[in-house]
Amino acid sequence: MQIKILQQDLIGPLQSVLRSVGVKATLPVLGNILFEAEGNKLKLSATNLEVGVIKFVNAEVLEGGAITIPAKTFTEVISSLTGLEIELETSGESLNIKAGKFKADLNCIAASEFPAIPQTETSGFKIPKEIFKDSIPQISFASAVDEGRPVLTGILTEIKEGKFEVVATDGFRLAHKTFSDEKLAGINFKALIPKRTLDELVRLINEETGDFSEITVTTTDNQNQVVFGIGNSILSSRLIEGNFPTWDKIIPSKFVSNAVINRDELIKGLKLASVFARSEANVIKLMISPSGIQLTSETRELGHQDAQVEAIVEGEELEVAFNSRYLLDAVSSCPGPEQKIYFSGSLSPTLIKPVKEEGVEYIVMPIRIN
């Protein structure tokens, strides 16, 4: 393999695939990036066996070939060669790097040892990129981080009857987004996709410099992998097996009170309250009354605070306690300048929705306090 490429053309795609390198992998080759040169394209591939990313880059290919290159070391070198044309040439399992007055030889691993990454197929369907780009950041925070219950680390993704729907929950909170688009008519798809995969999908969409408006989605023949085509990039991921909770039964339909509140004012109040709640399991109390919402929190070490946030309140007076981080995540992710919060009781699920936008909702479970 022998190629020439400008540093500024290589560094972006290189950093994109670097995120999917197997950092603590037992197989040494998973710590490498596969370089494949053919025609006028350089193909970069990385995988940790759960997620794989492929990027195609324009390059001057003097001789085709393939090799896997130590990801971290190579990226650090290329990052330092700002503004230079770089020449890469292989000799056996060694890579020679030339740029200006710089030369280096880097020990590599044969391309034959790199695992195959699933590719997109013509049998897939297409989705407008804005659907993923707008939807996932609004709901992915609610997925579980703990691998103890794998199904909760995924985002339920479903397309049917012209509607795109994503749901995330960790058992203490839930986020749900639905989006209708006539371009989705005739598509039937349902999968439990890891949160990490969909977060990476959004990053790749934002980083992609090519001109594209749609994402191609395919599944492998055994249905345990999903593959996304994103302009000049490909993202593949395993799917999570198991039954996602019956999430729609969690959303309450009866409420004892509700409040319309300014989003920014509520975020400001919650952030202040959380300062005094950190050593007490992040517990804050909300007192809902006709005069608005009072936020209180206290710790033995720091003391006590309370703040009044203006709100238009209807219904019963109520005191509810929450984990401040869970409530702040939901309020911060909910779009629009105003939100409506529906309270169904001191120990029952609380529903949060934007006032002027349909199709997105959040559930936060209260905390029992003495």
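Strand β7 (residues 85-91) and strand β8 (residues 94-99) run antiparallel and are joined by five bridges. The model they belong to is a predicted one. Both strands are part of an open sheet of five strands.

**The five-strand sheet**

- The strand order in this open sheet is β5-β1-β7-β8-β9, and the pairing is antiparallel.
- Its edges are formed by β5 (60-63) and β9 (102-107), each of which pairs on one side only.
- On average, neighbouring strands of the sheet are turned by 20 degrees against each other, with direction ignored.
- Helix α1 (residues 7-18) packs on the sheet and touches β1 (2-6) and β7. The direction of α1 makes about 95 degrees with that of β1.

**Nonpolar cores**

- The largest nonpolar core has 94 residues. Within this core, Phe35, Phe74, Phe132 and Phe228 touch the most other members.
- Leaving aside residues up to four places away in sequence, phenylalanine 74 touches Leu10, Leu14, Phe35, Ile69, Leu88, Leu95, Ile97 and Leu106.
- There is also a second, separate core of 14 residues, with Leu192, Phe244, Trp247 and Ile363 among them.

**Helices α3 and α4**

- Two packed helices are described by the angle between their axes and by the distance between those axes.
- For helix α3 (residues 129-139) and helix α4 (residues 195-207), the angle is about 125 degrees and the axes are 9 Å apart.
- On the α3 side, the contact is made by Lys129, Phe132, Lys133, Ile136 and Pro137. On the α4 side, Leu198, Asp199, Leu201, Val202, Ile205 and Asn206 take part.
- Phe132 of α3 is also one of the residues named for touching the most other members of the largest nonpolar core.

- β12 pairs with strand β13 (residues 173-180) in the antiparallel sense, over seven bridges. In this pair, lysine 163 stands opposite serine 180 of β13.
- β12 and β13 form a hairpin with three residues between them. Glycine 171, in the turn, has a positive phi of about 95 degrees.
- β13 is also joined to strand β26 (residues 360-364) by five bridges, and β13 and β26 run antiparallel. Here lysine 177 stands opposite valine 360 of β26.

**Residues with positive phi**

- Most residues other than glycine have a negative phi.
- Leucine 49 is not a glycine, yet it has a positive phi of about 75 degrees. Leucine 49 lies in the loop between β3 (41-47) and β4 (51-58). Because exposed means over 50% relative accessible area, leucine 49 counts as exposed at 51%.
- Glutamate 161 also has a positive phi, near 50 degrees, without being a glycine. The loop that holds glutamate 161 runs between β11 (154-160) and β12 (163-169). With a relative accessible area of 78%, glutamate 161 is exposed.

Conventions
Residues are numbered from 1 along each chain as its sequence is written. This is a predicted model: local features need pLDDT of at least 70, side-chain atom pairs count only at pLDDT 80 or more; totals for chains, interfaces and linings use all residues. Side-chain values use heavy atoms; hydrogens and water are left out. Helices (H or I, at least four residues) and strands (E, at least two) are DSSP runs, numbered from the N terminus. Buried means under 20% relative accessible area, exposed over 50%, partly exposed in between (1.4 Å probe, protein chains only). Two strands pair if DSSP finds at least two bridges between them. Axes are lines fitted to C-alpha atoms, for helices over the stretch in contact, and angles run from 0 to 180 degrees between N-to-C directions. Contact means heavy atoms within 4.5 Å. A nonpolar core is a set of buried Ala, Val, Leu, Ile, Met, Phe, Trp, Tyr and Cys residues joined through side-chain atoms within 4.5 Å.
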